[in-house]
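Try each task yourself before reading its solution.

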Amino acid sequence: MSITGSNARFMIMQKLAMKDKESTVMVLKNMVSFEDVDDELEGEVKEECSKHGKVKKVVVYQEAQSEADDAEVFVKIFVQFDKSSEGEVAISALNGRWFGGRTIDASQYEEQRFLRDDLSG
């Protein structure tokens, strides 16, 4: 791989540096299917995650995998905690947990992306 130009190098270095930063945001993947999303989901997730710390915000994001009308839709649930340590505890408790016939994938999400409403990661 070849990286040319000082701007490209700078952007890659910034991206690598962000991986080590703490984040108050957790993303839950594979927790529910598109069909399982309802008006109560956000509150249920907030209640469950509140066992691990103070939840500031929950966002349920539905992401179509293509432009086609029948495209598969992935559901990502973002949970912002008051402190990064609370998110870490929640990730430890929820990652790999079995829920509704699915294995939850819980991981940290880059806080700056979340604050910019960039939920595509």
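The exercises below go from the overall fold to single residues.

A note before starting: this is a predicted model, in which local features need pLDDT of at least 70 and side-chain atom pairs count only at pLDDT 80 or more, while totals for chains, interfaces and linings use all residues. Residues are numbered from 1 along each chain as its sequence is written, and side-chain values use heavy atoms, with hydrogens and water left out.

**Exercise 1. The chain as a whole**

Task: Work out how many helices and strands the protein chain has, and in which pattern they follow along the sequence.

Solution: 
- Start with the elements, which are DSSP runs numbered from the N terminus (helices: H or I, at least four residues; strands: E, at least two). There are 4 helices and 6 strands.
- Now read along the sequence: the pattern is α-β-α-β-β-α-β-β-β-α.
- Next, look at burial, where buried means under 20% relative accessible area, exposed over 50%, and partly exposed in between (1.4 Å probe, protein chains only). Of the 121 residues in the protein chain, 31% are buried.
- Turn to contacts, meaning heavy atoms within 4.5 Å. Among the contacts with a separation of 6 or more, 65% are between residues 24 or more positions apart.
- Finish with the surface, computed by the Shrake-Rupley method with a 1.4 Å probe; for residues, only the protein chains shown count as cover. The accessible surface is about 8,100 Å², and carbon and sulfur atoms hold 48% of that.

**Exercise 2. The aromatic cluster**

Task: Find which residues form one aromatic cluster, and describe the geometry of the pair Phe 78 and Tyr 109.

Solution: 
- A pair of aromatic rings is described by the distance of the centres and the angle of the planes. Rings of Phe, Tyr and Trp (its six-membered ring) pair if their centres lie within 6.5 Å; planes under 30 degrees apart count as stacked, over 60 as edge-to-face and the rest as tilted.
- The whole structure holds 2 aromatic pairs. Phe 78 and Tyr 109 make an edge-to-face pair, with 4.8 Å centre to centre and 75° between the planes.
- Phe 78 sits in strand E3 (residues 73-81) and Tyr 109 in strand E6 (residues 105-109), so this pair ties together parts that are 31 residues apart in sequence.
- Phe 78 also pairs with Phe 114, in a tilted arrangement with 6.1 Å between centres and 35° between planes. Because Phe 114 belongs to helix H4 (residues 111-115) and Phe 78 to E3, the pair joins parts 36 residues apart in sequence.
- Check burial: Phe 78 and Tyr 109 are buried, and Phe 114 is buried too.
- The cluster is therefore made of Phe 78, Tyr 109 and Phe 114.

**Exercise 3. The buried side of helix H2**

Task: Identify which residues of helix H2 are buried, and what they pack against.

Solution: 
- Helix H2 spans residues 41-49, and its buried residues are Leu 41, Val 45 and Cys 49.
- These residues cover an arc of only 60° around the axis, which puts them on the same side of H2. The arc is taken from the directions from the helix axis to the C-beta atoms.
- The buried residues of H2 pack against strand E1 (25-29), strand E2 (55-64), E3 and helix H3 (84-94).

**Exercise 4. Salt bridges**

Solution: 
- Take the definition: a side-chain nitrogen of Lys or Arg within 4 Å of a carboxyl oxygen of Asp or Glu. The whole structure has 4 salt bridges.
- Glu 48 bridges to Lys 51, with the closest N and O atoms 3.0 Å apart. Lys 51 is exposed, at 62% relative accessibility.
- Glu 48 also meets Arg 97 in a salt bridge (2.9 Å, N to O). This pair links distant parts of the chain, since Glu 48 is in helix H2 and Arg 97 in the loop between H3 and strand E4 (98-99), 49 residues apart.
- Arg 97 is partly exposed, at 33% relative accessibility.

**Exercise 5. Positive phi**

Task: Locate Asn 30 and say what its phi is.

Solution: 
- Asn 30 is in the loop between E1 and H2. Its phi is positive, about 65°, although Asn 30 is not a glycine.
- Asn 30 is partly exposed, with a relative accessible area of 36%.
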